[in-house]
2 protein chains.
Amino acid sequence: MADGASPEIGTRRERARADTVREIRETARRVLVTSGPEGLALRAIAREMGLSAPALYRYFPSREDLVEQLVADLYDELSDHLEAARDAVRPPRPGAQLLAAARAFRHWATTHHAEFGLLFGSAAQGVVSGDVAEGPAELAGRRFGGVFAALMAQVYLEQPFPVPADGELTPELQEQLEAWCAKLPVALPLGVMSVFLSCWIRLYGMVCMEVFGHLRFALADPEPMFESEMRRVASELGIVEDCSPPS
Amino acid sequence: MADGASPEIGTRRERARADTVREIRETARRVLVTSGPEGLALRAIAREMGLSAPALYRYFPSREDLVEQLVADLYDELSDHLEAARDAVRPPRPGAQLLAAARAFRHWATTHHAEFGLLFGSAAQGVVSGDVAEGPAELAGRRFGGVFAALMAQVYLEQPFPVPADGELTPELQEQLEAWCAKLPVALPLGVMSVFLSCWIRLYGMVCMEVFGHLRFALADPEPMFESEMRRVASELGIVEDCSPPS
DNA sequence: AGAGTGAGTGAACAGCGTTAGCTAACGCCG
DNA sequence: CGGCGTTAGCTAACGCTGTTCACTCACTCT
């Protein structure tokens, strides 16, 4: 999807190279799921595809770059998953679609622990890097976030839900939200942005806690709590459609 | 605090050993902050205290156990920090204390990135381990959670806030919450437990996203958003006290 | 005083990311 | 078709990691 180059382009060598790069990414993906984020070693990837480790340096300048490419691939895969769930909703009302995407997010996370850990855990570049690295991972991450943002906007535009007026927000928060809004394609009331962030925080928090095991102190099976949270969020957004999960 | 043994106890050797263990833990802590979670190497710890790496195996059976001990220490330190913030609130109304603890949590997280990453990131044992390991880290983690749980209970007992009735909860969720409630010292309505979890999810989600950099796509400075979230949560809990941060 | 225990050591193993230097095959151009 | 430059891949090596083994030395207890 992001690498949508027709296979007939470029010289023979360039095609072979592109194939190898693709194979490396697929193999890395496979090693990730079988060995976990900690076992994602260059040598393991090379071994898996019958290469020596230094050979990979012909294709990626360092392990970090390879991992970043993998992160981008995973974000894309996750985005595809969300969009598929969104588009499968009949009738296509934005509210139901938003809930479907949220459930798809949790489903993907719980069935792809290693991948989720790589994307959203602290192992990513997140902990320390101060400036916003404009790599492919960042780009793919934006696409992922955009899926939820677009749905949220549609929900609001179709049927506005109660939102704090600009005056109710702290001046500091207004400033932050305005700066963000300026980077977005469509302008929405600042209150909508704050509600979107709030909802996203709840979804992220819930799923992260479940996958990282920080909910086991209370719940053996977090799904009912997840559904409860979704219901609360949905009611805050004025979503009145059938909220029962598709199961 | 957790290791409250008087210094006069045990034989000479036992005291020396306890001192060394303590020194190892302190050194590990120091290495963690200077080199990050990835740089927390046995050899680095040993080097820092003029030892060879294998010497540490006299005190900890593996690096994993040392890290677990460190996690427990950090949980204790964080709990102390929260309790100090809680106890500094005058007058000591539970609502204001809960807010103070939440702010102290964020403050500790943002000023202790490496430590927070070790406690709450995916690098911990959380991603894979299926069963609940009853190590010292788990115990210290429970103490940490207990600070918030106790405050929440006090807030409710002093002035009950609106809470879903048992009948409004899914049977599955009721079951989960009852199982949890059975492990707790005091029994509270299931609705309170669900609201507590919901609030904790929001706090955890907000702080995790900020520290792990998953909020930079929107906010350069997440503090105003954090305060906004706290205000929302507080109003849900019927907390009407002065909500302004102490700054 | 002699035995035993335990702390600490260096050497070693397997694995990691990464670099350097080499070989051999490939594609292109005259 | 012959030669040349590019490039994929290799091995060897460096420094790092966690961990084990065999050993020494000092301290403790009988």
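Glu229(A) and Arg232(A) form a salt bridge, with their closest N and O atoms 3.8 Å apart. A salt bridge here is a side-chain nitrogen of Lys or Arg within 4 Å of a carboxyl oxygen of Asp or Glu. This is a predicted model, in which local features need pLDDT of at least 70, side-chain atom pairs count only at pLDDT 80 or more, and totals for chains, interfaces and linings use all residues. Side-chain values use heavy atoms, with hydrogens and water left out, residues are numbered from 1 along each chain as its sequence is written, and chains are lettered from A and ligands numbered from 1 in the order in which they are written.

**Salt bridges**

- Over all chains, the structure holds 32 salt bridges.
- Glu229(A) and Arg232(A) both sit in helix 9 (residues 223–236) of chain A. They are three residues apart, about one turn of the helix. Helices (H or I, at least four residues) and strands (E, at least two) are DSSP runs, numbered from the N terminus.
- Both Glu229(A) and Arg232(A) are buried. Buried means under 20% relative accessible area, exposed means over 50%, and partly exposed lies in between (1.4 Å probe, protein chains only).
- In chain B, Asp19(B) pairs with Arg22(B) in a salt bridge, and the closest N and O atoms are 2.9 Å apart. Both residues belong to helix 1 (residues 12–35) of chain B, three residues apart, about one turn of the helix.
- Why is Asp19(B) classed as partly exposed? Asp19(B) counts as partly exposed because its relative accessibility is 46%. Arg22(B) is partly exposed too, with a relative accessible area of 38%.
- Glu229(B) and Arg202(B) meet through their side chains in a salt bridge (3.2 Å, N to O). This pair links distant parts of the chain, with Glu229(B) in helix 9 of chain B and Arg202(B) in helix 8 of chain B, 27 residues apart.
- Glu229(B) has 1% relative accessibility, so Glu229(B) counts as buried. Arg202(B) is buried as well, with a relative accessible area of 3%.
- In chain A, salt bridges that share partners join Asp76(A), Asp80(A), Glu83(A) and Arg143(A) into one network.

**Surroundings of Glu229(B)**

- Which residues does Glu229(B) contact, leaving aside its neighbours within four places in sequence? They are Ser198(A), Ile201(A), Arg202(B) and Met206(B). Contact means heavy atoms within 4.5 Å.

**Interface of chain B and chain A**

- The contact takes 50 residues from chain B and 50 residues from chain A.
- About 4,400 Å² is buried between the two chains, and carbon and sulfur atoms give 61% of that area.
- How many salt bridges does the rule find across the interface of chain B and chain A? The rule finds zero.
- Twelve residue pairs are in polar contact between chain B and chain A (both at pLDDT 80 or more). A polar contact is a pair of N or O atoms within 3.5 Å; within protein, one must be able to donate a hydrogen and the other to accept it, and residues adjacent in sequence count only if both atoms are side-chain atoms.
- On the side of chain B that touches chain A, the elements giving two or more residues are helix 5 (113–120), helix 7 (171–182), helix 8 (190–211) and helix 9 (223–236) of chain B. Helix 8 of chain B gives the most, with 13 residues.

- The same surface serves both copies, as 98% of the contact residues of chain B recur in chain A.

**Chain A fold**

- Chain A has nine helices and zero strands.
- Buried residues make up 50% of its 247 residues.
- Leu118(A) lies in helix 5 (residues 113–120) of chain A. Leu118(A) is buried, with a relative accessible area of 7%.
- Leu118(A) and Glu38(A) are 80 residues apart in sequence, and 9.5 Å apart in space, C-alpha to C-alpha.

Notes: Buried area = accessible area lost by both parts, 1.4 Å probe.
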